[in-house]
Amino acid sequence: MNQVLTTPPAVGAPRPWKFPAATTTITGVGAPVHVFDRPGQYVATVRVTIAMPLIAEPRDIEGVATIMSRTLDEGTELHSANEFAAALERHGAAYGVDVSSDALHVEISVPVSHLAPAVQLLAEAITRPAFNQADVGRHVTIRLGEINQERANAGYRAREAFAAHLFDPSTRRARPTAGTPDTIRPLTNVQVADFYRNNIGPERAEILFAGDATGVDVAGIIDEAFSGWTSTAGAALETPEPLYLPGNRVVLVDRPGSVQSQLLIGCAGPDRRDPAWGAAAVANHVVGGTITSRVDTVLREEKGYTYGTRTSFAAPRRGGTFSLGGAVRTEVTGAAIGDALRILREARDGLTEQEVQEAKDSLIRTAPLRYEQADSVAQQVGSNIANGVPIDFADTYLAQIAATTAAEATDAYRRYVGTNGLLVVVVGEAKDVRPQLAELGADVVGELVDLTP
């Protein structure tokens, strides 16, 4: 006889979990090496995080850091670009590079059985790039093409306008990380090589390994690969506190032919140095961080304005942001903005104990899954280093979340969201959206900045 279950089985309490621990050594050139042994993870990630704040870029060639990063593997002193790519392929290695506002991240993911030769290639790209003019010129051309593509994308246009109107023009984050056509177009290999020499060196670097280290001298392999790294770069500049532009404003970016409006609403936020960072994450989860949040419940489920919106607190090394992003139908743009602003402002009145507990459970219980793979461990630690917090900051963050009360989550939210105004960016069909913004009124959205040509 078959038994029919009419109720789901009980879910037990989650087992205690901590972020993976590291064994740390120092290479002969002075760069720390953090080894995260992950048994069974036979594809390892080695990530090199180098302090490189974008304030180091000369204003007239902003974006040079991006071009420099993209040409590290485009030919070295030992291999041409094609030879380097072929060597990566022989070892089954995937190479990647990323530039943030505070650091350069270069990584390689490779089967542990091929770790030593792959790390040699990684070190070669970082320590012995060639920066040939043909390669630099090709990447300048590629970047100029990318900018044209980006400006055709509503999401990118919204992020660009958001940064330009949230931060004071003197703040580097007010301008695109990867530069503009005017700053990218004149770049030469000489300028790229000069930027590299002045900003990349072992004294700024930390090297991370995540994967199965059983029987492998990971620290020795990394030490040998980077043993010849010399530099005159010196210590990195410290990223200054950003300057924000306060007040309620709405920025309208015309995108003719759009059938949707891309929205980005936000303000200044905390960074990871703030003891309330974990409480802010809890508040964010309640207000707009998930499909069951307050914002999505109204805009998606009740009103049908959108397929979905999300809020987030995000932060580099200094100064954070809070933002709500999503796309809505053009004809309901004004109504969606009005509802979103109302929900964001009403959340300042208080979050409930039930909402906060559910948010805490979600954030804490999904953490082991988020860090299941070796590359996610390496990327998180690289982000921690770039942001100036300990490599095990995930444990601090989760402890902050676990200790958060409804009152503390409300206080963290209230300290930032709406305190000094909210910036609203709308990218869409301006002739259709403009009357809807006027109907909302300046008392709701604030001053209108119309970027229509």
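**Pockets and a mixed sheet**

Colleague: How many residues line the second largest pocket, and which lie nearest its centre?
Modeller: The lining has 19 residues, and Arg272, Trp277, Ala281, Phe313 and Tyr397 lie nearest the centre of the second largest pocket. A pocket is an open set of points on a 1 Å grid over the protein atoms alone, with protein on both sides within 12 Å along at least five of seven lines; lining residues have an atom within 4 Å of a point.

Colleague: Before I go on, what am I looking at?
Modeller: This is a predicted model, where local features need pLDDT of at least 70, side-chain atom pairs count only at pLDDT 80 or more, and totals for chains, interfaces and linings use all residues. Residues are numbered from 1 along each chain as its sequence is written, and side-chain values use heavy atoms, with hydrogens and water left out.

Colleague: Back to that pocket. What is its volume, and which element gives the most to the lining?
Modeller: The second largest pocket has a volume of about 420 Å³, meaning the space filled by probe spheres set on the points. Helix H9 (277-287) gives the most to its lining, with five residues. E9, H14 and helix H15 (393-403) each supply at least two residues as well. Helices (H or I, at least four residues) and strands (E, at least two) are DSSP runs, numbered from the N terminus.

Colleague: E9 is a strand, then. In what order do the strands of its sheet run?
Modeller: The order is E9-E10-E8-E11-E7-E12, an open sheet of six strands with mixed pairing. Strands E9 and E12 (447-450) are the edges, each pairing on one side only. Two strands pair if DSSP finds at least two bridges between them.

Colleague: How many bridges join E7 to E11, and how many to E12?
Modeller: Six bridges join E7 (residues 249-254) to E11 (residues 423-428), and the two run parallel. E7 and E12 are also parallel, joined by four bridges. Leu252 has Val426 of E11 as its bridge partner, while Val251 has Val449 of E12.

Colleague: Is E7 buried or exposed?
Modeller: Six of the six residues of E7 are buried, that is, under 20% relative accessible area with a 1.4 Å probe, protein chains only. Arg249, Val251 and Val253 point one way, and Val250, Leu252 and Asp254 the other. In a regular strand, side chains alternate between the two faces of the sheet.

Conventions: On a 1 Å grid over the protein atoms alone, a cavity is a set of points where a 1.4 Å probe fits but cannot get out, and a pocket is an open set with protein on both sides within 12 Å along at least five of seven lines; lining residues have an atom within 4 Å of a point. Buried means under 20% relative accessible area, exposed over 50%, partly exposed in between (1.4 Å probe, protein chains only).
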